[in-house]
Amino acid sequence: MLKKTFARAAAWIVVPLACLAPFALHSQTSGAVLTIRADKPASQVSPTLYGLMTEEINYSYDGGIYAEMVRNRTFGGDWSGIQHWFLVEKGTAEAALAPDKQTGPSEALKASLRIEVKQADAQNQAGVLNDGWWGMPLRPNTTYKGSLYAKTDSAELGSVTVSLVSDDSGKPLATASIAGIGTDWKQFQFTLKTDAIAPSVSNHLSLTVGHAGTLWLNLVSLFPPTYRDRVNGNRVDLMEKLAEMHPAFLRFPGGNYLEGDHINERYQWKKTIGSLVDRPTHPSPWHYHSSDGLGFLEFLEWCEDLKMQPVLAVYAGYSMAQEHVNPGPDLDPYVQDALDELEYVTGGTDTKWGAVRAQNGHPEPFKLHYVEIGNEDFFDKSGSYEGRYAQYYKAIKAKYPDLELIATMPLKNMKPDVVDDHYYLRATQFFKDTTHYDKTDRNGPKIFVGEWATREGSPTTNFGAALGDAAWMTGLERNSDIVVMAAYAPLLVNVNPGGMQWESDLIGYDTMHSYGSPSYWAQVMFSKYLGSETLESKLEGAGPKLFYSVTHDSAKKRIYLKLVNASSAPAPVTIEWAGAKLAEAGKLVTLSAHTTQATNTIQRPSEIVPTESVLHGVSEHLRHTVPGYAIQVIELEER
Ligand code: AHR
């Protein structure tokens, strides 16, 4: 919701007109003239320009990328403790269920679900069912791996039958049996395998017994196959969509999710590592409870899987209900917690927290370059951020001098390494602001546009938003010598009823399927076709809604020209090239729509997707028409 303007002195590289004059003489009657000096780099493009911003919002993790199929697996999160769990009484069976605060499998999970079975037999079973995250997605010939903690008051209770059951037919689609449940808490594993069923989400998980007695349950978990077969891993379709964005980094764990509404609801990384049974779970500021199954190490492994560098945000003593910790001794324990966190990420196994990471299953340290101190601390009315940042800066730099520390607002008394700017705007605002960083002081802090989006369209953005995004990204690329990173936010949204807390998101999904918004495809195009330097260039005679960016990859000998026509009318452009011999044929990638309101949805996921064609007749005077409402990339090869 914020647009911040920071005063920075002018320093943008001005293209000398003399260089361009010979190329700009062409008639403008046929539209705009874009002159490009392919032999004259203008500025460096940051290799980390495009990345991802993530937090637990819109059911991004639970009910989203984290592949767990059981909802409310630890019986918490609301006053009842039993949301999404229902009693099963088959035939003559009789039973009751209730949360039990007196017994649980661990210090972290002190409570459980108690099922008292008064009457049941093999044909008339009793127990509970879980309805999943808006259903349970089942596919044919697929193996689902499950586990649960259980105990009973008497071994006579016998075995627990675990089944995936079709909501429509009532038939079990896969079944397993758990034997050996005793009077002490113990974890059990099981496997459920479907056969040639039709894919469907109208299913539930049922856990029943055929004998009277009491059964306690906790941490009931079920996973489908995950991305790269990670245990406790991520949903394949969503990870594949993210991989296609070629992200250089992942900013985590938030956002508001880092801060929490209250200090005691902040993201506490130490409570999200190790065995799942040792994770207490926590309330999140986006009004639902977090399982912390996608915990701190899982964030790092997510980075590893997609070859992204972590951009780690550490809690910095401010939570959103205007609660803050005073700089000085009060803040020391929080600073120490951040130092422990950095050691967990980067330390060798001979360090205290590096050894814990190894115990958790990842002996190799992770590479870390950027650490963000807090999130949106300009909201802290106490004005304590300057002091808090300075305290973290001193302590972190003393131990990790090479880390670059990101401030969440400009500071008066010190120059942070990087400042995080956030923008949530309409398309027209982005059109007018594409030059935002042209005059930014190159001697000031570097810029991280840590959250930005054109907010048009719901739940995911429409084509008008994609045009705003693309126009804005041309400005980011041109200024990528100072804008070192940028990330769209929010990234993910569960489009099931009640799944969304924030409109205009990038990737939408339900229980089984997912799709990219037009903005997503614009991100894919901008990230995939990006050189290492910008080229001297100038656009003349264009209307106010034509934007471009041109970058060059000297290693690959490729030039990438991005053109954005946010007008409904086609835009003829003569592209005058100098300083390079270009192959006669190039690649043209186009994303376009007939209206700004056109979009993709979960029902119609592929209305607007990029198309590729061959661009023939590439010459020093290339005449090209950008269709109305279009985003294009022209990839040219140097000979
Ligand atoms: O992206 C949604 C929210 O917007 C983030 O949590 C917060 O940092 C910003 O205000």
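A residue counts here as being near a molecule when one of its heavy atoms lies within 4 Å of it. Keep that cut-off in mind as we walk through this structure, which is a predicted model.

Let's start at the ligand. With that cut-off, the residues around the ligand are Glu-55, Gly-255, Asn-256, Trp-286, Asn-375, Glu-376, Tyr-424, Glu-451, Pro-490 and Trp-502.

Glu-376 places a polar side-chain atom 2.7 Å from an oxygen atom of the ligand. For Tyr-424, a polar side-chain atom likewise lies 2.7 Å from a ligand oxygen. Asn-375 has a polar side-chain atom 3.0 Å from an oxygen atom of the ligand. As for cover, the ligand taken alone exposes 290 Å², and the protein buries 95% of that.

Now let's turn to a pair of helices. Helix 6 spans residues 332-346 and helix 8 spans residues 385-399. The two pack at an angle of about 35 degrees, and their axes are 10 Å apart. Their crossing is right-handed.

Which residues of helix 6 and helix 8 meet? On the helix 6 side they are Asp-332, Tyr-334, Val-335, Ala-338, Leu-339, Leu-342 and Glu-343. Facing them from helix 8 are Gln-391, Tyr-392, Ala-395, Ile-396 and Lys-399.

Key
Residues numbered from 1 in each chain as written. Predicted model: local features only at pLDDT ≥ 70, side-chain atom pairs only at ≥ 80, totals over all residues. Heavy atoms only, no water. Axes fitted to C-alpha atoms, helices over the stretch in contact; angles between N-to-C directions. Helix = DSSP H or I, 4+ residues; strand = E, 2+ residues; numbered from the N terminus. Left-handed = near helix turned anticlockwise from the far one by under 90°. Contact = heavy atoms within 4.5 Å. Polar contact = N/O pair within 3.5 Å; in protein donor to acceptor, adjacent residues only side chain to side chain. Areas by Shrake-Rupley, 256 points an atom, 1.4 Å probe, with all protein chains shown as cover.
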